[in-house]
Amino acid sequence: MASLPDPNDYPEASVVIYDGHCQFCSRQVRRLARLDGKNRLSFLSLHDPTIESDFPALSHDELMEAMHLVEPSGKIHRGAAAFRLITRRLPRLWILVPLMHLPFSLPLWQAIYRFIARRRYRMNCDEGSCQTHLDK
């Protein structure tokens, strides 16, 4: 498996912070990386030891709740709002832009995102590999 673009290698890219212990999440960010031919995005697992020092404004609990997108300016987007922005950044996802940006639709996308995020460890887990998270 090829490694994901790292923030240190692409300092001008927005950083996608995701749950690297979640198989579902890891698969989705690998898809995003394949769609990004110009390194507009870099990726960092929330379990990376540099998270706390590089992103002190984000708590572990916040990061466990949703994917975060940190722009080079420092602006932070989370959950569906982060995905909305990603659809505008990656030309191959532009087909989703009209749907994701319907007026007043963000609360609906956030609710759908939260529903999936809360159940992410139940999606595509190997037998026993996600039990730690499911027991919480």
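Helices (H or I, at least four residues) and strands (E, at least two) are DSSP runs, numbered from the N terminus. This briefing concerns a predicted model, in which local features need pLDDT of at least 70 and side-chain atom pairs count only at pLDDT 80 or more, while totals for chains, interfaces and linings use all residues. Residues are numbered from 1 along each chain as its sequence is written, and side-chain values use heavy atoms, with hydrogens and water left out. The protein has 7 helices and 4 strands, arranged along the sequence in the pattern β-α-β-α-α-β-β-α-α-α-α.

**Confidence of the model**

- The mean pLDDT (the predictor's confidence in each residue, from 0 to 100) of the protein is 89, and 89% of the residues score at least 70.
- The pLDDT is below 50 over residues 131-136, a stretch with 5 contacts beyond near neighbours in sequence; a contact means heavy atoms within 4.5 Å.
- Where pLDDT is low, the predicted coordinates should not be read in detail.

**The sheet**

- An open sheet is formed by 4 strands in the order S2-S1-S3-S4, with mixed pairing; two strands pair if DSSP finds at least two bridges between them.
- Strand S2 (41-45) and strand S4 (76-78) are at the edges and have a single partner strand each, so one side of each lacks a neighbour in the sheet.
- On average, neighbouring strands of this sheet are turned by 25 degrees against each other, direction ignored.
- Strand S1 (residues 14-18) pairs with S2 in the parallel sense over 5 bridges, and Ser14 stands opposite Leu41 in S2.
- Strands of a sheet pair through backbone hydrogen bonds, either parallel or antiparallel.

**Helix H4 and burial**

- Helix H4 (residues 80-89) lies across S1, S2, S3 and S4 and runs at about 110 degrees to S4; axes are lines fitted to C-alpha atoms, for helices over the stretch in contact, and angles run from 0 to 180 degrees between N-to-C directions.
- H4 is mostly covered, with 7 of its 10 residues buried; buried means under 20% relative accessible area, exposed over 50%, and partly exposed in between (1.4 Å probe, protein chains only).
- The buried residues of H4 include Ala80, Arg84 and Leu85.
- Of the 136 residues of the protein, 40% count as buried.

**Contacts across the sequence**

- Of the contacts in the protein with a separation of 6 or more, 59% are between residues 24 or more positions apart.
- Asp6 is in the segment before S1 and is partly exposed, at a relative accessible area of 26%.
- Leaving aside residues up to four places away in sequence, Asp6 touches Ser42 and Phe43.
- Asp6 and Ser42 are 36 residues apart along the chain, and their C-alpha atoms are separated by 5.2 Å.

**Individual residues**

- Asn39, in the loop between helix H1 (23-35) and S2, has a positive phi near 50 degrees, although Asn39 is a residue other than glycine.
- Asn39 is partly exposed, with a relative accessible area of 28%.
- Phe104, in the loop between helix H5 (97-100) and helix H6 (106-118), is not a glycine but has a positive phi of about 65 degrees.
- Phe104 counts as exposed, at 82% relative accessibility.
- Arg119 lies over the face of Phe115, at 3.8 Å from the ring centre; a charge sits over a ring if NZ of Lys or CZ of Arg is within 6 Å of the ring centre and within 35 degrees of the ring normal.
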